[in-house]
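Please examine the structure below, then follow the questions and answers about it.

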Amino acid sequence: MLHYIDEFRNASASAALAAEIAATMKTESQITLMEVCGTHTMSIHRHGIKQLLPENLRLLSGPGCPVCVTPNDFIDRAIALSRIPDISITTFGDMIRVPGSSSSLEKERASGADVRVVSSTLEAIRIAQKERDRRVIFLGVGFETTAPTIAASIVEAERLRLTNYFVLSAHKIIPPALKILSGGIVDVDGFICPAHVSAIIGSRAYEFLPRDFGKPCVITGFEPLDILQGIHMLIRQIVSGAPRLEVQYDRVVRPD
């Protein structure tokens, strides 16, 4: 497995791809690409990919962190629920410190609220099983990637006949966000589309980008060579003036 990962982190192959990107962009003044997914943003920074790219190529971070795009009113609602005596709030750890209008779940926990960090929805289900006198609310925050597991917890709660398990949902879906971004509110020449989300919804979900907006898009994996190859594919589309949907991450993503 380590050997398999190393194949996508090969330094000489990365340098060669970066050189190809620079050569393809020689005639361009500036190209702006948006990496839609927050995991792509982290990988780009972790592996120093921006340092490999030419100065006239700009990478713009998109809306792909579900926690970052969760509105204050959802946090405020969770905080208000946590203040009710017989309610337990269960959540993944990334939501704990997100500020609401005047507090956070971390502050509420410090003040005595029953706010518990869980590693999975099934852990929240187990809490509801053990503590039938409490209402256990799971904070469902995420894009298409997390929706199936949280939906599965509702099915499991029904199977177990739990009447004290609830989900407070703040799920969002990626395609409508891309439609808004493609409508001119930001200057983007092409999209590095997410890998995990695309494994769930399939590549066909992005066909509207080149068809309706003339925006090139490439579904790209998270390793350095994935990202560099995806960027190169996008640049070639832009330079040739032929926007289309391509799948770099074809070892995982299928049309449907």
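Q: Into which classes do the residues of the lining of the largest pocket divide, and how many are charged?
A: This is a predicted model, in which local features need pLDDT of at least 70 and side-chain atom pairs count only at pLDDT 80 or more, while totals for chains, interfaces and linings use all residues. Ala, Val, Leu, Ile, Met, Phe, Trp, Tyr, Cys and Pro count as nonpolar, Asp, Glu, Lys and Arg as charged, and the others, Gly among them, as polar. On that basis the lining holds 15 nonpolar and 10 polar residues, and the charged number one.

Q: What is the volume of the largest pocket?
A: Residues are numbered from 1 along each chain as its sequence is written, and side-chain values use heavy atoms, with hydrogens and water left out. A pocket is an open set of points on a 1 Å grid where a 1.4 Å probe fits, with protein on both sides within 12 Å along at least five of seven lines, and lining residues have an atom within 4 Å of a point. The volume, the space filled by probe spheres set on the points, is about 450 Å³.

Q: Which element gives the largest share of the lining of the largest pocket?
A: Helices (H or I, at least four residues) and strands (E, at least two) are DSSP runs, numbered from the N terminus. Elements that give two or more residues include strand E1 (31-37), helix H3 (38-46) and helix H9 (196-201). The largest share, four residues, comes from H3.

Q: Why is H6 described as roughly parallel to H7?
A: Axes are lines fitted to C-alpha atoms, for helices over the stretch in contact, and angles run from 0 to 180 degrees between N-to-C directions. The axes of helix H6 (residues 121-130) and helix H7 (residues 147-159) come within 9 Å and cross at roughly 25°. Because angles under 35 degrees count as roughly parallel, H6 and H7 are roughly parallel.

Q: How many charged residues has the contact of H6 with H7?
A: Contact means heavy atoms within 4.5 Å. Thr121, Leu122 and Ile125 in H6 meet Thr149, Ile150, Ser153, Glu156 and Ala157 in H7. By class, four are nonpolar and three polar, and the charged number one.

Technical notes. Parallel < 35°, antiparallel > 145°, perpendicular 65-115°, else oblique.
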